[in-house]
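Good morning, and thank you for coming.

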Amino acid sequence: MIEDQELREIYQVSGLEHVQNLESGLLKLEETPNDPDLLQTLLREAHSLKGDSRVTGVKSVEALAHRLEEILGRLKKEQMTWSASLSDRLFQSLGGLGKLVHEAVTDEPSGVDVNQLLAQLSEFVPNLETEPSAPTPVAASRRTVIQRQPLLIEDTTLRDTYRISSDEHLTKLQAGLELLAMHPNDQSSLQLLLDEAQSFEMDSRLAGQKPLEALIHRVENVFEALQSHQLGFNQVSEPLNRGLAAIAALSKEATTGELAPIEPDDTLVELDKLLANHGQSQTAGASGQNAALDTIRVPMRYLDALMTHTGELTVTKTRMAHATQSIRELTALWDDLKRRRQKGNALRLENVQERLDDIIVSLSQNLAENNTRLDLIAREFDEKIRTLRLVPLSTIFLPFPRLVRELAKEQEKEIEFVMEGGDIPVDKQILEEMRDPLLHLLRNAVDHGMETPEEREKAGKPRGGKITLTATQSGSHIIIEV
């Protein structure tokens with residue numbers, strides 16, 4: 001299990017999100033196996049999962065994600081072809097990945113044989129370099145040697161051009177950061193930095209430098225978070241400087257072929273953690289697990305609203321302290337009044353009564369205003385807290401396509417599965433209770449609601465059928481239909 005609690009919580013969300021996105025992408029890849037954009041997206045997800053796992057020391061997931069990345073890369077380069085058997089092995093591996101991620105954050109045994117999954121994937125690429133057994137976290141943590149192929153732009157003309165352009169971009173980015181350090185809220189400087197980074201990213205893409213492109217793009221994300229005030233300059237200053245240093249080292253490597261003593265994935269993961277910790281990603285649920293949704297991601301605007309209400313509570317607390325002081329003064333005056341009445345000092349008695357009247361009127365107004373403010377803030381807090389518990393239906397919808405696919409394959413049925421309304425927000429607790437009933441409905445739909453292709457043909461129907469899972473909202477009600 002991951003020892004560091006903060007890393008464990010982040011990995012619980014990010015790791016399962018990557019697995020979930022890979023599953024969704026593979027389902028689409030079955031329909032369009034030669035889609036280069038889709039393959040690139042899957043490659044990025046596998047690469048990110050590998051990097052996250054390396055940083056957190058989950059070597060079993062790192063090894064399996066690396067093998068998956070190699071196969072996806074070969075598919076993209078058309079060095080191997082898509083097949084039904086490869087699809088089955090990839091889905092089997094993703095199922096194992098989901099369990100291994102769950103094991104890393106809960107310490108519950110996954111029962112997954114990593115070496116067996118690695119060997120099964122290697123069967124599809126006979127010349128793939130044999131992977132050693134997944135190392136233990138202890139042994140892996142002692143390995144500090146950089147193990148990757150150096151970047152190098154093969155075309156000499158392009159290499160020279162990139163050397164000049166990358167130096168210019170880096171100089172401008174560094175100068176812009178120094179200027180931003182002096183004027184952290186300067187939006188024009190931020191826009192210039194963002195434009196420069198986007199230009200640098202495009203140059204790296206044209207030069208075929210994917211690791212550099214990915215790293216520069218993440219720096220852009222940080223600039224965008226600064227622009228929208230979701231992050232402050234003090235939070236990002238050091239990570240951005242480390243990011244630029246990594247980009248500079250990789251740029252030199254791309255133009256000289258000399259291996260830089262850095263791991264690009266490490267810098268990517270650091271920037272990802274920075275963004276993830278401040279609400280830069282959408283909510284992601286568990287993939288392939290029936291565990292409770294004990295972690296959710298919260299959009300920054302919701303936290304901003306809660307912080308505003310917290311400030312209002314502080315103001316009201318101060319006002320209540322003043323009211324408490326008035327009550328103490330009122331008590332003292334009342335005691336004084338009783339003493340004066342006993343002594344018969346009429347003039348002093350009249351002064352005390354006037355002061356009492358003033359305090360009572362002021363206190364009544366103060367308490368009425370504070371009660372109104374507290375009532376309003378309490379309602380706002382209740383509404384915002386309830387909003388924080390809302391997660392999209394897709395949190396439980398996403399594992400269903402794979403379930404239907406596997407059931408259809410087992411029963412040799414041809415089924416198209418369609419989902420609609422996954423973006424509708426639902427309370428987290430209700431969502432957890434809906435998973436099992438929906439699983440049961442879908443199983444029944446495949447088992448009993450859908451005939452075999454031969455039976456459908458005899459009945460005059462198309463060989464393939466369709467199962468649709470639809471969610472719609474009507475007022476305060478959500479209707480789910482299978």
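Helix α10 (residues 233–256) packs against helix α11 (residues 264–276) at an angle of about 155°, and their axes are 10 Å apart. Helices here are DSSP runs of H or I, at least four residues long, numbered from the N terminus. Axes are lines fitted to C-alpha atoms over the stretch in contact, and angles run from 0 to 180 degrees between N-to-C directions. α10 and α11 are therefore roughly antiparallel, a term for angles over 145 degrees.

This is a predicted model, in which local features need pLDDT of at least 70, side-chain atom pairs count only at pLDDT 80 or more, and totals for chains, interfaces and linings use all residues. Residues are numbered from 1 along each chain as its sequence is written, and side-chain values use heavy atoms, without hydrogens and water.

Which residues of α10 and α11 meet? From α10 come Q235, V236, P239, R242, G243, A246 and L250, and from α11 come P264, T267, E270, L271 and L274. Of the residues in this contact, 7 are nonpolar, 3 polar and 2 charged.

I turn now to S87, which lies in helix α4 (residues 84–106). S87 counts as buried because its relative accessibility is 2%; buried means under 20% relative accessible area, with a 1.4 Å probe and protein chains only. Beyond its neighbours within four places in sequence, S87 is in contact (heavy atoms within 4.5 Å) with E30, W82 and R405.

R405 is itself one of the buried residues of α15. In this helix (residues 400–410), 8 of the 11 residues are buried, so α15 is largely enclosed by the rest of the structure. After α15 comes E412, with a positive phi near 55°.

Terms used:
Helices (H or I, at least four residues) and strands (E, at least two) are DSSP runs, numbered from the N terminus. Angles under 35 degrees count as roughly parallel, over 145 as roughly antiparallel, 65 to 115 as roughly perpendicular and the rest as oblique. Ala, Val, Leu, Ile, Met, Phe, Trp, Tyr, Cys and Pro count as nonpolar, Asp, Glu, Lys and Arg as charged, and the others, Gly among them, as polar. Buried means under 20% relative accessible area, exposed over 50%, partly exposed in between (1.4 Å probe, protein chains only).
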